[in-house]
Amino acid sequence: MMIPFRALVRKDILLFFVDRRALLMSFAIPIAIGSFFGYVLGGAGDQDSSKIPVLAVDQDASNISREIVKRLSGEKALAVKPSTPDEARTAVRKGTATVAVVIPPNFGQNAGRAFFSAREKPQIEMLFDPSHTAERGMVAGILTGDVMQAVSKEVFSAASSQPMIEESLSQVEKSTRLDAEDKKSLEDLLHSVSRWTQRNTDSTRADGSASAGLSIPFTTHEEAVTARRNTKYNGYAHAFAGMVVQFVLFLGIDVGIGLLQQRQRGLWKRFRAAPLSRGVLLGSRAASAAILAFFVVLVNFLFARLVFGVRVEGSMAGFLAVSASFAVMTAGFGMLIAALGKTPEATRGLSIFATLIVVMLGGAWIPMFLFPQWLQKLTVVVPTRWAMDGLEAMTWRGLGLEAAFVPCAVLLGFAAVFGVLAVARFRWETEG
Amino acid sequence: MLEVKNLKKSYGNVIAVNGVSLGAGAGETVGLLGPNGAGKTTTVSIIAGLIRPDSGSVEIEGRPLAGDTDPIKRRIGLVPQDLALFDELTALANLQLFAAIYGLDGAAARRAIDDALALVGLSDRAHDRVKDYSGGMKRRLNLASALLHDPQILLLDEPTVGVDPQSRNAIFDNLEVLKSRGKTLLYTTHYMEEAERLCDRIVIVDHGQVVANDTLQGLYRLLPVTNSLRVELDETKNGLRIGDVRALPGVHSAEFDSGTLRVGVEDLAAQTPCVLQWLVEHGHSYHHVSSERADLETVFLTLTGRSLRDS
């Protein structure tokens, strides 16, 4: 039985390598799309991330507004350009700018006065592209911090703070809503601020530094938690895992469609006329599919390793086990397609649709955390999710062999279910 | 060698094969003749073990076929109606695969492949991809693919569909060589002329049933008339007494329509001069004479009431 089995497996592998379309779908396209997505998702971690285009319209031209624009321009995440109100609105509408920040006339003066009182606060207008709500939130957060620092710096400098403090003292004195004790406390505070700013202006501070107003009372240290400390996250690892999963499943579809085509072309009759068991006939097809799928996974990741530096940071044995389990699952998937499909033409469209759904649910296109909670829970019954989990665990997450056990077990479980269903539903007899 | 008894097979309410029985001995070519949908391919598929019959039996060399892996299947070679070949591979790669599924590899496989290619005249094209072959060459390779394991019984399911006359003749020549080697051929076709040329015996099937099973001569004997004489007279009727023509010795039938007299005779060579002389003697001149011989179309028409080609 080994001669026919080997010959049937060899035939499938040979057919794969003489089929340009199959080669394109298994290597060129996943590599191209994986490279593109990897680049978009941050590349190998050493490239500049894309900046949010922001237009700054300074209608105030005060110290405070200039300081705000200066601070915004210094933010790493933003690409700030000056603009006019009309140009800014047009640019945001066209999508050439994501956010426009419009600082109105007298903003600096009104913001300083509003700093110590509950009087009406001046308004900064934020025009934003509604298709970029996440970026809007990010710019709003940065702007808040920059405005606080710019205004407080100005308020706590003697030259510009004195009139504001005097005006505030006058308002406190005239206030009928405040009781005597509150008035006394506020007057003490304002006098203290006045003395403090005066002292900082008249003399150099003991440590030689000048006052810079309020500042954010913390700094952050950001660290991408990857396989090891000082190992940068490589966006290509996720992108290649996603594309490999997708296109290997397409290979599985081709396996199923290939069997249907063999039936349609009479080849199945020739095979069945020979003294071959059903195990040899279906088993050889499943074996060749698994071998090819495994090979495709390895070649794609080898490319990612050589060109984009994607490493198996975790267990190599685990990576191979996950790849092999996924390959076996793909073979089962292909056999199931062959068992359930009737004609190659009708089956192909339906299979591609089903594959794209499970690939999407598996998180190969967009990260799963963006899904609603119920959908995230649902993905445990999607084999692609386990393939993605396993491949990512073994590549950029750098986890050990034990982290491959569950994905492998689930993938092999799916393979067993698909295989049993395929054998049960396979139409052995060809109608005459 | 091959004995098929009372095969029955239905698909739902459709009866594909309804009590087909036939047999074929060594060196014998049996034609399974019938229109499309008559049950020929289903019968062949049951014999090859591709389909399990609802009832009936198939015996190969006195043994029933038992399961997918029964070694007796090696005694059968199937040439499917479809071109069951991998177009993307070379002829050699195809044949290596089809040899391997019968357990042949190495020198044995090479010998079998060389012999098969030589028989069908494709030795010099062995390394070409099948997709570059003409339709006729593919048909010949389709035949060669079934010969590699040297089967005793060859099941040929319409092996000449869609080929040009030259390639058809080449395939016939190949089959005659196989027949001369003592192989048993079961040949399904709806081309009467193929059955007439190749087959020692012809089984006519229609609607899944055998309507006749005999040699060609035996089938012709089922007909009231085997040969007919066609005489175009100069006059339209002019006193021709058709009863007198029918009464002539050796004449089975006579009809006259639109100036043409058709006379059914037993022996064309013996009866033609008599009929023509009788016409002259009775003042009926003619300007054209031709003869017609009964064929399988006539047999099928006589047995089923329908034309083979129109069924």
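Predicted model: local features only at pLDDT ≥ 70, side-chain atom pairs only at ≥ 80, totals over all residues.
Strand β1 (residues 2-11) of chain B pairs with strand β2 (residues 14-24) of chain B, running antiparallel over 8 bridges. Together, β1(B) and β2(B) make a hairpin, with 2 residues between the strands. One turn residue, G12(B), has a positive phi of about 65°. Going by the bridge pattern, Y11(B) is partnered with V14(B) in β2(B). β1(B) also pairs with strand β4 (residues 55-60) of chain B, again in the antiparallel sense, here over 5 bridges. In that pairing, E3(B) sits opposite E59(B) of β4(B). As a general point, side chains in a regular strand alternate between the two faces of the sheet.

Over in chain A, a pair of helices comes into view. Helix α12 (residues 316-340) of chain A and helix α16 (residues 402-425) of chain A have axes that come within 8 Å and cross at roughly 20°. Angles under 35 degrees count as roughly parallel, so α12(A) and α16(A) are roughly parallel to each other. The crossing of α12(A) past α16(A) is left-handed. Sorted by class, the residues in the contact of α12(A) with α16(A) come to 23 nonpolar, 4 polar and 1 charged.

Terms used
Residues numbered from 1 in each chain as written. Chains lettered and ligands numbered in written order. Axes fitted to C-alpha atoms, helices over the stretch in contact; angles between N-to-C directions. Helix = DSSP H or I, 4+ residues; strand = E, 2+ residues; numbered from the N terminus. Parallel < 35°, antiparallel > 145°, perpendicular 65-115°, else oblique. Left-handed = near helix turned anticlockwise from the far one by under 90°. Nonpolar A, V, L, I, M, F, W, Y, C, P; charged D, E, K, R; others polar. Pairing = 2+ DSSP bridges.
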